[in-house]
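Please look at the sequence and the structure shown below. The paragraphs that follow lead through the model step by step.

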Amino acid sequence: MPIYEFKSPSCGKISAKLSKMGETGEKLVCPDCQAVGLVRQISGFASPGLAGKGSSGGCPTHCGGNCSGCR
């Protein structure tokens with residue numbers, strides 16, 4: 001079973017949960033605020049550009065997409 005991240009619409013806390021594939025989070029409860037109906041998030045490690053450099057998370061615009069010159 002995959003681990004998904006879910007965000008509470010009430011407090012904004014993100015928590016990870018071992019869930020069945022396709023779990024939407026609509027029946028899950030936030031461990032902090034007890035709100036029901038969490039929203040599944042895209043994990044940072046699975047999202048291109050979230051941990052990189054620059055405002056968009058990828059390469060700075062001055063490198064033209066050729067990261068070998070900017071890293």
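S15 is in contact with Y4, E5, F6, P31 and L38, when its neighbours within four places in sequence are left aside. The residue itself belongs to strand β2. Is S15 buried or exposed? With a relative accessibility of 18%, S15 counts as buried, because the cut-off for that class is under 20%. These values come from a predicted model rather than from an experiment.

The strand that holds S15 is part of a sheet. Three strands, in the order β2-β1-β3, form this open sheet, and their pairing is antiparallel. Which strands stand at the edges? They are β2, residues 14–18, and β3, residues 39–41. Each has a single partner strand, so one side of each is left without a neighbour in the sheet. On average, neighbouring strands are turned by 45° against each other, if direction is ignored. Between β1, which covers residues 3–7, and β2, the antiparallel pairing extends over 5 bridges. One example of bridge partners is E5 with A16, the latter in β2.

The wider layout can now be described. The secondary structure of the protein consists of 3 strands and 0 helices, and along the sequence the pattern reads β-β-β. The protein has 71 residues, of which 25% count as buried. Among contacts with a separation of 6 or more, 21% join residues 24 or more positions apart.

The loop between β2 and β3 deserves attention next. S19 lies in this loop. Is S19 buried or exposed? Its relative accessibility is 3%, so S19 counts as buried. Not counting residues up to four places away in sequence, S19 touches M1, P2, Y4 and F6.

Most residues other than glycine have a negative phi. In Q34, however, phi is near 65°, a positive value in a residue other than glycine. With a relative accessibility of 49%, Q34 counts as partly exposed.

The cysteines form the next topic. A disulfide is a covalent bond between the sulfur atoms of two cysteines. How many disulfides does the model contain? The count comes to 0, where the cut-off is a pair of cysteine sulfur atoms within 2.5 Å. C11 takes part in no disulfide, and the nearest cysteine sulfur, belonging to C33, is 3.7 Å away. C30 is likewise in no disulfide; for C30 the nearest cysteine sulfur is that of C33, at 3.7 Å. As to accessibility, C11 is partly exposed, with a relative accessible area of 40%, whereas C30 counts as buried at 2% relative accessibility.

The average pLDDT of the protein is 76, and 59% of the residues score at least 70. Over residues 51–57, pLDDT stays under 50. For that stretch, the model has 10 contacts beyond four places in sequence.

Technical notes: Residues are numbered from 1 along each chain as its sequence is written. This is a predicted model: local features need pLDDT of at least 70, side-chain atom pairs count only at pLDDT 80 or more; totals for chains, interfaces and linings use all residues. Side-chain values use heavy atoms; hydrogens and water are left out. Two strands pair if DSSP finds at least two bridges between them. Helices (H or I, at least four residues) and strands (E, at least two) are DSSP runs, numbered from the N terminus. Axes are lines fitted to C-alpha atoms, for helices over the stretch in contact, and angles run from 0 to 180 degrees between N-to-C directions. Buried means under 20% relative accessible area, exposed over 50%, partly exposed in between (1.4 Å probe, protein chains only). Contact means heavy atoms within 4.5 Å. pLDDT is the predictor's confidence in each residue, from 0 to 100.
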